[in-house]
Amino acid sequence: LQSGPAVAQMRDSMLEFFKVTDLASVFKNAEAFTPVDAETVPLPESCGRVLAETISADRDLPEFLRATMDGYAVKASATFGASDGSPAYLTVKGTVSMGQTPTFSIAHGEVCRISTGGMLPEGTDSVVMIEHTEMLDDTTIEVYRSVAPGQHVVEVGEDFRRGQVILEAGQYLRPQETGLLAAFGQQSVRVFRRPTIAIISTGDEVVPIDSTPVQGQIRDVNSYSLSGQVLAAGGIPVRYGIVRDNYEALYETCRNALAGSDMILLSGGSSVGVRDFTIDVLTQLPDSRILVHGISISPGKPTILANTQNKAVWGLPGHVVSAMVVFKVVVQPFIEHVAGLSPSQRQAFRIPARLSRNIGSAQGRTDFIRVRLTRDNDEYRAEPILGKSGLLNTMVMADGLIEIDVNTEGLDAGAEVAVIPL
């Protein structure tokens, strides 16, 4: 490897460093990366995955008129006018047990006993709650409340109609979606593979967490905090250890990581410095180009994004708070994209709150402020947690982030804000 020309090229890149990219332009780069391929998994393993196929109902759900209350199946017109003072007297004709198909029909003026979930027999269209009846003898009941057609029953296809799209490709599968698939007898499902995210820590000052740092050294915190964030974003983190400030070592580690992952996070390799080889390495890797070298956000301005062999390679700040904020705000949407999640599903959930105090901001950049949420009567209050980007306690205390727009010079106390949960 020839490091001389590469170093010169790195110096040229440094001159371009502060030509930062705005957030909207950064996100446009996501479409350049191809989502991972799909695989078929057993239904019990699909929860938490992203659906890779659109699924339509192959039958009505339910396929029969089903009771939603314990009581008596009846033709509603037989109960019209029934009241406490003038009950309807109806004849009991049999019982429908759970899971049983009725072998008889019900005539006007007749009812049959039925349990919640039971199939209504022919001739009935509603259910009288057992609480609104009284047995007179083995074959006769009094009904004290009238019912309307369709009352206390689920109609055929009321949940889903045959041919209806029930789940879209790109949808995140929660327990309720896997339950729906079970209702239609899906024993397996096509989902996108979980993207593998390589995590590389860089710097001579970084030591493993089982080491005792001497003055000037720090433990490798970022590998673990970023691994947790990758898991929460639906990826599989793979830690490639600590790489010293050495061009050849970083190049070789990145080359290996590219072969075994779908995205790379380089922690500590985004700042301008004579020992920083990130830009040099990313420039020299085959089929690689720098897309972003600095983002107009705080914290996290010195963030790098490269497209290397159609894989996103990120140079994240070394400070743990900056790295975590950049991941949450910028990197996570890219992971969700390559994981196959549809744009509508990638909309970040935010919690409405009111700011507890004035907070300043500089125009020309988007600021992300750590906040703690407290409950104030019927609304949340967002209390800013101020501190330097290297202070881990500010993230530990934070419940979320608020965004101050690039064209806003701060927010006043009492302003409505949208909190991005952490």
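Are Trp314 and Phe334 buried or exposed? Trp314 is buried, and Phe334 is buried as well, where buried means under 20% relative accessible area, exposed over 50%, and partly exposed in between, with a 1.4 Å probe and protein chains only. This is a predicted model, in which local features need pLDDT of at least 70 and side-chain atom pairs count only at pLDDT 80 or more, while totals for chains, interfaces and linings use all residues. Residues are numbered from 1 along each chain as its sequence is written, and side-chain values use heavy atoms, with hydrogens and water left out.

**Aromatic rings**

- Rings of Phe, Tyr and Trp (its six-membered ring) pair if their centres lie within 6.5 Å, and planes under 30 degrees apart count as stacked, over 60 as edge-to-face and the rest as tilted; by this rule there are 4 aromatic pairs.
- One of them joins Trp314 and Phe334 edge-to-face, at 4.9 Å centre to centre and with 85° between the planes.
- Because Trp314 lies in strand S21 (residues 311-316) and Phe334 in helix H7 (residues 320-338), the pair ties together parts that are 20 residues apart in sequence; helices (H or I, at least four residues) and strands (E, at least two) are DSSP runs, numbered from the N terminus.
- Ring pairs also link Phe33, Trp314 and Phe334 into a cluster.

**A charge over a ring**

- Arg375 lies over the face of Tyr380, at 4.6 Å from the ring centre, the rule being that NZ of Lys or CZ of Arg is within 6 Å of the ring centre and within 35 degrees of the ring normal.
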